[in-house]
Amino acid sequence: MTGVDVLGTSAAGSVVALGDSITDGTGSGFSANHRWPDRLADRLKALPANRRLGVLNAGISGNRLLLEGNGPSALARLDADVLTRTGVRVVIVMEGINDIKGSPEQKDPAIEDAYRRLVSRAHARGIRVIGATLTPYGGHSAHTPAREAVRQKVNTVIRTRGLFDAVVDFDAVVRDPDLPSRILPAYDPGDHLHFNDAGMKAMADSIDLAELTAWAP
């Protein structure tokens, strides 16, 4: 089974969270449904029916934007996990950190080009695309100053190039203001890469629901 369609729901469509282990929920409470897409779903329940969206979690641990990792790349699985899902109105893309810290390493402009291709394919189906900045991982074994510089460049691309219909700045939400290359200790489960329940909630709470439902009348 790869998905479930629910009949009789009052939801006006769906939003897909396309990501890696952070979206998949690593670091959050086990079997507690405290991943950031779960927290986002809780917020969306309070909206009027014509703006209420179901949330599809398409996070895969180890996933990469450009190359195969754990499963096909985000570009390769876009049709199966986003474009052909029922009622998709918008996708939130949080992909790229495993491209930066994985082997072989990927850098901008290859990552920017991948974002452009992803957005173009989604727009061809009438789907809005929200880009999420890549979160810090200083202190993790894979972190290096050179990779940090790439992460910062990619985040600048996400924030300033106008690639996406909107941006959610997860990096700004979760970083330690005294050590911006690191996660705020209150959100760090101990591996310096993923997020505990508090971090997941902070990420979900930072998403502008008006940007998710800009298509609604």
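Mentor: A pocket is an open set of grid points with protein on both sides within 12 Å along at least five of seven lines, and its lining residues have an atom within 4 Å of a point. Keep in mind that this is a predicted model.

Trainee: Which residues lie nearest the centre of the largest pocket?

Mentor: Val4, Ser14, Gly54, Val55 and Leu56 do, out of 30 lining residues. About 850 Å³ of space lies in this pocket. Helix H2 (36–44), strand S2 (54–59) and helix H3 (74–83) each give two or more residues to its lining. S2 gives the most, with six.

Trainee: What makes up that lining by class?

Mentor: Ten residues are nonpolar, eleven polar and nine charged.

Trainee: How many cavities of 30 Å³ or more are found in the whole structure?

Mentor: One. The largest cavity holds about 30 Å³ of space. Here a 1.4 Å probe fits but cannot get out, so the space is called a cavity.

Trainee: What lines the largest cavity?

Mentor: Asp20, Ile22, Met94, Glu95, Gly96, Ile97, Leu134 and Thr135 line it. By class, that is four nonpolar, two polar and two charged residues.

Trainee: Why does Leu18 count as buried?

Mentor: Buried means under 20% relative accessible area. Leu18 has 0% relative accessibility, so Leu18 counts as buried. Its place is in strand S1 (residues 14–19).

Trainee: What is Leu18 in contact with, leaving aside neighbours within four places in sequence?

Mentor: Contact means heavy atoms within 4.5 Å. The partners of Leu18 include Ala58, Leu78, Val93 and Leu118. Leu18 and Ala58 are 40 residues apart along the chain, yet 4.9 Å separates their C-alpha atoms.

Key:
Residues numbered from 1 in each chain as written. Predicted model: local features only at pLDDT ≥ 70, side-chain atom pairs only at ≥ 80, totals over all residues. Heavy atoms only, no water. Helix = DSSP H or I, 4+ residues; strand = E, 2+ residues; numbered from the N terminus. Buried < 20%, exposed > 50% of the residue type's maximum accessible area, 1.4 Å probe, protein only. 1 Å grid on protein atoms, 1.4 Å probe; cavity = no way out; pocket = protein on both sides within 12 Å on 5 of 7 lines; lining within 4 Å. Points joined across faces, edges and corners; volume = space filled by probe spheres on them. Nonpolar A, V, L, I, M, F, W, Y, C, P; charged D, E, K, R; others polar.
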